[in-house]
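Welcome! Take a moment to look over the sequence and the 3D picture, and keep both at hand as you read.

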Amino acid sequence: MSLWYFLLIVKTDFSIDNQTIMARVILDQLRKSFDQQEIVKGISLDIHDGEFVVFVGPSGCGKTTVLRMIAGLETPTQGKIQIGDSVVNDIPPKDRDIAMVFQNYALYPHMNVFDNLSFGLKMRQMPKNEINTRVQTVAQTLGLSELLQRKPKQLSGGQRQRVALGRAIVRNPKVFLMDEPLSNLDAKLRVQMRLEITELHQRLKTTTLYVTHDQVEAMTMGQRIVVFHQGVIQQVDVPLTIYNQPANLFVAGFMGQMNCLQTDLSAANQVGSQAGSIEIQAVQDDRASVFSIPLPATGNITMAIRPEHVLLNPSQADSLAVSVMPQRIETLGSETWIHGHWSVCGQSQPVLWRVPSEVNPTVGERFHFWIEARHLLWFDTNTGLRIR
Ligand SMILES: Nc1ncnc2c1ncn2[C@@H]1O[C@H](COP(=O)(O)OP(=O)(O)O)[C@@H](O)[C@H]1O
Ligand SMILES: [Mg+2]
């Protein structure tokens, strides 16, 4: 009798809230080629214990391939993968102690929610009581308790996504790999699930590698962001550093909107110079603004500024007066977008400025404002690298 009681206590002690299992993930010079074509080009990354890292990049840049290599579903052409203290290159997927959530959910259509959640545990021959406890706990956490008898086709998109998440959580793995898990949801549900996943991570603290092509998801969910392009890591940092100090023009343009204006610093375009800088003009019809470019800089330099860095009053000491002729105006309600062109070094280039919705710009009527010099970023146009 007392033994049964003891067993029951042990069996029901499983609590996903007390989970402490987690592991670092280290990628060392990881490469992957398909048919002689290199898709992942030597990436190295150290993901800490319990960290939530977002891998972001455009479609086709190799994100899924990296996740599949970590999961053991693809064999690296070269390089090492370490999970916890072990190199796992030669360890089969089922023994890596990771759980993957796929974009298309990959639920078993003929099984109900309970069986979908418990399938992986049954395959591992876990005792029935423990399976039951784990499934109930996870179902409660994800608001699925009332739906355990339903088949996937009787669920909404958001509910299906929760089942897919639940199937990963119930395994209690060392690492979660999530491949664009929210892409198939509508915009509103995506925002809600984004918060739920973040909260879940705060509770479970399981190391998570989350893949997305959506920069808003990356900014809002990632403790650190890895920006990926054409099989190469472009920058790894915390969200605000990625946004405010992008390493190169690709990161600058991919993570949010950016006005990028190419300049040619040949002598003909210089209007002056100061110690440590040279000056060029940005012209819009009769109005010119002078920009000071930090040296060392020669040749083709791209000047960049975020569209929201608009000052309506010249309150800052280093503010520069600029203007734009609005060609198209978009009213979003929360703010207003002004589209126009700037002419820099004789080249007309498109710009976008975002202003509060109380500001009422008119197409064809010059809009005057200020920008702060500290918000200007400078890039070498040829290499794309930011000039520090
Ligand atoms: N099994 C495969 N065989 C051949 N090419 C593949 C295979 N898997 C992926 N690729 C190619 O590798 C590139 C990167 O794919 P993927 O990792 O799915 O990118 P992402 O997830 O960033 O959109 C794509 O060009 C894709 O066609
Ligand atoms: Mg993919």
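This is a predicted model: local features need pLDDT of at least 70, side-chain atom pairs count only at pLDDT 80 or more; totals for chains, interfaces and linings use all residues.

Residues are numbered from 1 along each chain as its sequence is written, chains are lettered from A and ligands numbered from 1 in the order in which they are written, and side-chain values use heavy atoms, with hydrogens and water left out.

## The whole chain

Let's start with the big picture. The protein chain has nine helices and 21 strands. Both are DSSP runs numbered from the N terminus: helices are H or I with at least four residues, and strands are E with at least two.

The chain has 388 residues, and 47% of them count as buried. Here, buried means under 20% relative accessible area, exposed means over 50%, and partly exposed is in between, using a 1.4 Å probe and protein chains only. The chain exposes about 18,900 Å², with carbon and sulfur atoms supplying 50% of it. Such accessible areas come from the Shrake-Rupley method with a 1.4 Å probe, and for residues only the protein chains shown count as cover. Now for contacts, meaning heavy atoms within 4.5 Å. Among contacts in the chain with a separation of 6 or more, 67% are between residues 24 or more positions apart.

## Around ligand 1

Which residues surround ligand 1? They are Phe-34, Ile-39, Pro-58, Ser-59, Gly-60, Cys-61, Gly-62, Lys-63, Thr-64 and Thr-65. A residue is near a molecule if one of its heavy atoms lies within 4 Å of it. This shell divides into four nonpolar residues, five polar and one charged. In this scheme Ala, Val, Leu, Ile, Met, Phe, Trp, Tyr, Cys and Pro are nonpolar, Asp, Glu, Lys and Arg are charged, and the others, Gly among them, are polar.

A polar side-chain atom of Thr-65 lies 2.5 Å from an oxygen atom of ligand 1. For Gly-60, a polar backbone atom is 2.6 Å from a ligand oxygen, and for Thr-64, an N or O atom in the side chain is 2.7 Å from one. Taken alone, ligand 1 exposes 560 Å², and the protein buries 58% of that.

## Helix H2

Helix H2 gives the most to the shell around ligand 1, with three residues. Is this helix enclosed or open? Seven of the nine residues of H2 (residues 63-71) are buried, so the helix is largely enclosed by the rest of the structure. The buried ones are Lys-63, Thr-65, Val-66, Leu-67, Met-69, Ile-70 and Ala-71. After H2 comes Gly-72, with a positive phi near 90°.

In soluble globular proteins, nonpolar side chains tend to be buried together. A nonpolar core is a set of buried Ala, Val, Leu, Ile, Met, Phe, Trp, Tyr and Cys residues joined through side-chain atoms within 4.5 Å. The largest one here has 43 residues, and Ile-197, Tyr-210 and Met-255 have the most contacts inside it. Helix H5 (residues 157-169) gives the most to this core, with five residues. A second, separate core of 27 residues includes Leu-27, Met-69, Ala-71 and Val-211.

Leaving aside neighbours within four places in sequence, Tyr-210 is in contact with several residues, including Phe-52, Phe-55, Met-178, Leu-182, Ile-197 and Met-221.

## Some single residues

Ser-118 sits in helix H3 (residues 113-123). This serine counts as buried because its relative accessibility is 0%. Not counting residues up to four places away in sequence, Ser-118 touches Ile-131 and Val-135. By contrast, Val-87, in strand S5 (residues 86-87), is partly exposed, with a relative accessible area of 40%.

Most residues other than glycine have a negative phi. Asp-97, however, has a positive phi of about 60°. Asp-97 is in the loop between S5 and strand S6 (98-101) and counts as partly exposed, at 27% relative accessibility. Asn-172 also has a positive phi, near 60°. The loop between H5 and strand S7 (175-179) holds Asn-172, which is buried, with a relative accessible area of 14%.

Notes
A polar contact is a pair of N or O atoms within 3.5 Å; within protein, one must be able to donate a hydrogen and the other to accept it, and residues adjacent in sequence count only if both atoms are side-chain atoms.
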